[in-house]
Amino acid sequence: CKDHRLVGRILIANEGINGTVSGNEEDCNAYMNELQSNPLFQGIEFKIDEVTELSFERIHVRVKPELVSLGEYNLDPNTSTVPHLNADQVVQMMEDPDAIFLDTRNKVEWEVGKFKNAITLNIDHFRDFPEAVNQLSELKDKKVVAYCTGGIRCEKATMVMQKLGFKNVFQIDGGIVKYAKTNGGYNWDGKMYVFDKRVAIDINLS
């Protein structure tokens, strides 16, 4: 990142890598090409936004035990069996009267924007998710589509839901970000909270 003059925040754990970097187009392309050519990063996925100014002040790369933690739950997201829905499948679920959309993010995030008619949780931190979702016993026999910003938290959230007895759990592949880039953010109400200087961005282009 420093070689390519990029700023941002990257987290590294045994379970995977997650982060956001910001720079000019030439430097970002060089960075992505370098990672994609390295066997260590086989299959790495990039989500690209055009910005008018850098989204961070400096570069931070940190090693953590987990990308996101859910306390007592020791989960390996690489072993998840939860189906991932593409944008077309998500829209189909929106038209299914038996399907429920569940926002796994905290209240600061969903107050900025969420899917229309989605169920939200009154939580301040992701670690509070298991206790909050376990109180939704009436949903355990329904189709539940869980979503989060980029899909990372949902990998663990949906596994927790399965352990708590939710029988038909799905997640949006790549989270809100990938969904919006595919179809223009259909059925999204408000903006999307992001974890950089932009704070919130428009994603519903309709």
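**Ground rules**

I number residues from 1 along each chain as its sequence is written, and my side-chain values use heavy atoms, with hydrogens and water left out. Since the model is predicted, local features need pLDDT of at least 70 and side-chain atom pairs count only at pLDDT 80 or more, while totals for chains, interfaces and linings use all residues.

I started with the strands and helices, which are DSSP runs numbered from the N terminus (helices are H or I, at least four residues; strands are E, at least two). Two strands count as paired if DSSP finds at least two bridges between them.

How many bridges join β1 and β2? I found seven, with β1 (residues 7-13) and β2 (residues 16-22) running in the antiparallel sense. The two strands form a hairpin, with two residues between them.

Then I looked at how β1 pairs with β3. That pairing is parallel and has five bridges. Here G8 stands opposite I59 in β3.

Put together, the three strands make an open sheet in the order β2-β1-β3, with mixed pairing. Why is one side of β2 and of β3 left without a neighbour in the sheet? It's because β2 and β3 (59-63) stand at the edges, and each has a single partner strand. I also noted the twist, which averages 5° from one strand to the next. (For angles, axes are lines fitted to C-alpha atoms, for helices over the stretch in contact, and the values run from 0 to 180 degrees between N-to-C directions.)

**Entry: the four-strand sheet**

There's another open sheet, made of four strands in the order β4-β8-β7-β5, and its pairing is parallel. Its edge strands are β4 (84-85) and β5 (99-103), each pairing on one side only. Inside the order, β7 (residues 143-147) and β8 (residues 168-172) pair in the parallel sense over four bridges. I checked V144 and found V169 of β8 opposite.

**Entry: salt bridges**

Side chains of opposite charge can pair when their charged atoms come close. For a salt bridge I need a side-chain nitrogen of Lys or Arg within 4 Å of a carboxyl oxygen of Asp or Glu. Searching the whole structure gave me 14 of them.

One of these joins E15 and K156, at 3.1 Å from N to O. E15 is in the loop between β1 and β2, and K156 is in helix α5 (residues 152-163), so this pair ties together parts that are 141 residues apart in sequence. Are they buried or exposed? Both E15 and K156 are buried (buried means under 20% relative accessible area, exposed over 50%, partly exposed in between, with a 1.4 Å probe and protein chains only).

Next I looked up K178 and E45, whose closest N and O atoms are 3.2 Å apart. K178 sits in helix α6 (residues 175-183) and E45 in the loop between α1 (25-36) and β3, so the link spans parts 133 residues apart in sequence. K178 is partly exposed at 28% relative accessible area, and E45 is partly exposed at 46%.

**Entry: α2 against α6**

Two packed helices are described by the angle between their axes and the distance between the axes. The axes of α2 (residues 87-94) and α6 come within 9 Å and cross at roughly 95°. That makes α2 roughly perpendicular to α6 (under 35 degrees is roughly parallel, over 145 roughly antiparallel, 65 to 115 roughly perpendicular and the rest oblique).

Which residues meet? On the α2 side I listed A87, V90, V91 and M94, and on the α6 side Y179, T182 and N183; contact means heavy atoms within 4.5 Å. They divide into five nonpolar, two polar and no charged.

**Entry: G151**

Where is G151? I found G151 in the loop between β7 and α5, and G151 is buried at 5% relative accessibility. Leaving out residues up to four places away in sequence, G151 touches Q171, G174 and G175. I also checked P39, which is 112 residues from G151 along the chain; their C-alpha atoms are separated by 23 Å.

Technical notes:
Nonpolar A, V, L, I, M, F, W, Y, C, P; charged D, E, K, R; others polar.
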